[in-house]
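Student: I would like to learn how to read helices and cores in a protein model. Could we go through one slowly?

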Amino acid sequence: MPTMNIIQAVNSALRIQMTNEPKAIILGEDVGKFGGVFRATAGLFDEFGEDRVIDTPLAEAGIIGAAIGMAIYGMRPIPEIQFSDFIFPAFDQIVNELAKFRYRSGGQYPCPVVIRTPVGGGIRGGHYHSQSPEALFIHTPGLKVVLPSNPYDAKGLLLACLKQDDPVLFMEPKKIYRASRGEVPEGEYTVEIGKAKVVSEGEQVTLIAYGAMVDIIKDAAKKAAEIGISCEVIDLRTLLPFDIETITESVTKTGRAVVVHEAPKTCGFGAELASSLYERCLASLEAPIERVCGFDTPFPYSLEHEYMPNADRVLGAIRKTLEW
Amino acid sequence: MNIKNPATVDSLELRRVLDDDGKVVAGAKVPEVSEKDLLRLFETMLMVRVVDERMMRIQRQGKLGFYMKSLGEEATHLSVFPLRDDDWIFPSYREQGAWFWRGYGIENFLNQLFGNRKDPTKGRQMPVHHSANWLNVVSISSPVGTQIPQAVGTAAAMKASGTDSVAMTFFGEGTSSTGEFHVGMNFAGVMKAPVIFVIRNNGWAISTSSERQSAAKSFACKAVGYGMPGIRVDGNDILAVIQASNEAVERARAGLGPTLIECVTYRIEGHSSSDDPSVYRNPAEPSLWEPKDPLNRMRAYLKNESIWSEGLEKEISDKYNDEITKYLAIAEAEPPPAVETLFDDVFQELPWHLKEQKEYLMQQARTKNPHLHNS
Ligand SMILES: Cc1ncc(C[n+]2csc(CCOP(=O)(O)OP(=O)(O)O)c2C)c(N)n1
Ligand SMILES: [Mg+2]
């Protein structure tokens, strides 16, 4: 099996979809000739031509609005937003249009658009190349939100998203775009949407994260093991619909949970996860659920390292749940 | 790959004062600029070139996270020439010359690039995202085009306040595709706001060629749809840039409303230090634009006017090279902002939740965490 990084895995999924599905169409800023600023669409312009891999003018509202128009006409558009920080000019098209088209037309107009966009910090990108706006979209009824943490899941989840008929925001953890490498099948396979992955089993505390933060909780679990604490590590993979069964089962078993994301804490996705767990596992809980998140400040430049959650902070939260 | 040739670009009406050899074109309106100002304009363009060259070099050495050059576009920055200190500037990320013209020096420039404790914006943004309220130059944002309607609002406020101040905003031709451009132009037209829109048409928006941004014959002609004049000018001709800008600023001050100026120029190098243009652009293309180089053309003009000498040019470039050497050492040595400043300026005062988070971070800083700086 070949080894790929996340960029290569995404590229491979896109190539398979473009080959097998004549209605698939890629559009976005610099996705064509250049192959995307992160090179996720590299080679596709030459292979599939300028009518199916479209370099658009610089306007995100145009990219998503046009993708919607293509989708309701029967195409399977895969727009790219260059950085999720630049998704906001398209916010109206995504929140009020894309997410509501099926519902508002009484099911007449499904809108199978899969928006790909890089997210997250840790690349010295300051406010506008680092944000993690997933909660805004999870909060939007009608939109699925997916955020893988490794190449295998990235390819399998992207192919799964491309095969179904609902709009998806497919977020890609750019900090580990190239650093995360692993074995990925050359051909087609899918990873089920809505299923979390228990990365490693443990007894005392459940650690839940997604995207680039999965590496952080794995690291924290290792540090915890060194001092005799056993953690269960869960990679959520799909944020909406999230895998309530897997996390409920785990927290019922361990009685403790630490939820980690790099987006700001207040109204972050961790609040929803914690709340859902309280509703289902209150009787099993041994301690309040801890959240380790980005601070409620704009994403900084020089103090990026201080801003980002790290394994030490997660370890602190693990101890807190045990000492409670 | 298609080639973007200046000869075909020229076929549309383009205001020009200097030819490629720096000679005044027959019948051109030469703006009145004093000898002192001519030298200062030349000095500012040269300063941009010296700074760009040095900064990209240290970026390549791994000392700087990111940088964006303006090679070949320096003359467009000096659209700010007719502005007064009370006029406001809303820049994009590629107008270093406008900052230097206003008096934003090497010291601030370098401290911002390093995001250190002396950075006027406290290390909050990526390199090249400056802000200088004392110069009436507004904070740069990465999301392109956001500054355009803001400039219109400031201009409308100037008008409502009864001053004759004006606002000028800069952006690339790619940015003219954003909603903000069209919204801003429309508001300005309707409000008759004293604002000047300067499009730096450098032919490229990262890898996207200007023909893929607009099917219109020019960018200047977009002005028609919003009820304002549009001027298309050779953006590598400093005197033509100033002539157009003079006209637009005069109109705005006289209460006649907004003007759109398209400065036709060319991005000689990559979009930024992270870019590799060889992937998407014919490598022969930049050389076609070399004869249009704005600094060479101005130098030739000054030579003809007998106000340039080799010694003078060397003096200027030595001066800025020395300043860079001096302030680079300081900027590199200066520590990053103190940890607790992470929470400053989110609001005027810290609400309870940020107080708690600050307390938590400082607690971490005090207990051992090798990643935290001492503050
Ligand atoms: C809203 C938004 N979308 C995408 C980007 C990414 N991006 C940064 S610069 C750029 C190209 C801008 O080109 P242009 O306006 O021509 O300015 P130039 O870089 O040529 O000076 C793009 C797409 C962005 N900064 N903001
Ligand atoms: Mg441009």
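Tutor: We begin with a term: a residue is called buried when its relative accessible area is under 20%. Please keep in mind that this is a predicted model.

Student: How many of the 13 residues of helix H7 of chain A are buried?

Tutor: Eleven of them are buried, so H7(A) is largely enclosed by the rest of the structure. Among these buried residues are Pro151(A), Asp153(A), Lys155(A) and Leu158(A). At the N-terminal end, Asn150(A) caps H7(A), with a side-chain oxygen 3.2 Å from the backbone nitrogen of Tyr152(A).

Student: What tends to happen to nonpolar side chains in soluble globular proteins?

Tutor: Such side chains tend to be buried together. Here the largest nonpolar core has 73 residues, of which Met55(B) and Ile238(B) touch the most other members. Its largest share, twelve residues, comes from helix H2 of chain B. A second, separate core has 44 residues, including Leu98(A), Ile115(A), Leu236(A) and Ile247(A).

Methods: Residues numbered from 1 in each chain as written. Chains lettered and ligands numbered in written order. Predicted model: local features only at pLDDT ≥ 70, side-chain atom pairs only at ≥ 80, totals over all residues. Heavy atoms only, no water. Core = buried A, V, L, I, M, F, W, Y, C linked by side-chain atoms within 4.5 Å. Buried < 20%, exposed > 50% of the residue type's maximum accessible area, 1.4 Å probe, protein only. Helix = DSSP H or I, 4+ residues; strand = E, 2+ residues; numbered from the N terminus. Polar contact = N/O pair within 3.5 Å; in protein donor to acceptor, adjacent residues only side chain to side chain.
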